[in-house]
Amino acid sequence: MLVQRLEQYQKETKQRKRLDETRRKVEVLKKQLRERKDEMYGKKMAAPKKKMTAKQKTLPKSLQKKIMASKKKK
């Protein structure tokens, strides 16, 4: 009876160790993925989107195009 309990306990501890190791590996891989994404984009945050204000949307289409073109150049 005691021997069976001991064996069962050993199996459970081995499974827990495997789970802990797997969790650590997953954390490391997530960290590496984040670092790769940061390297790909060259910065931590994406550049803000350049949108038109409400007033600018009321202007004629030709002016709106010129405004957006000047924003893209910057």
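## A buried glutamine

Gln56 is buried, at 19% relative accessible area; buried means under 20%, exposed over 50%, and partly exposed in between, using a 1.4 Å probe and protein chains only. This is a predicted model, where local features need pLDDT of at least 70 and side-chain atom pairs count only at pLDDT 80 or more, while totals for chains, interfaces and linings use all residues. Residues are numbered from 1 along each chain as its sequence is written, and side-chain values use heavy atoms, with hydrogens and water left out.

You will find Gln56 in helix α2, which spans residues 54-57. Beyond its neighbours within four places in sequence, Gln56 is in contact (heavy atoms within 4.5 Å) with Lys51, Gln64, Ile67 and Lys71.

## The chain as a whole

The protein chain has three helices and zero strands, in the order α-α-α from the N terminus. Helices are DSSP runs of H or I with at least four residues, strands are E runs of at least two, and numbering starts at the N terminus.

Of its 74 residues, 7% count as buried.

## A positive patch

Now for the charges: Lys11, Lys14, Lys17 and Arg18 form a surface patch of positive charge. Such a patch joins like charges within 9 Å, from residues with over 30% relative accessible area and no salt bridge (a side-chain nitrogen of Lys or Arg within 4 Å of a carboxyl oxygen of Asp or Glu).

Arg18 lies in helix α1, residues 2-41, and counts as exposed because its relative accessibility is 54%.

Definitions and conventions. Patch = residues over 30% accessible without salt bridge, like charges linked within 9 Å, V, L, I, M, F, W, Y side chains within 5 Å. Areas by Shrake-Rupley, 256 points an atom, 1.4 Å probe, with all protein chains shown as cover. Lys, Arg positive; Asp, Glu negative; His and termini not counted. Charge placed at Lys NZ, Arg CZ, Asp CG, Glu CD.
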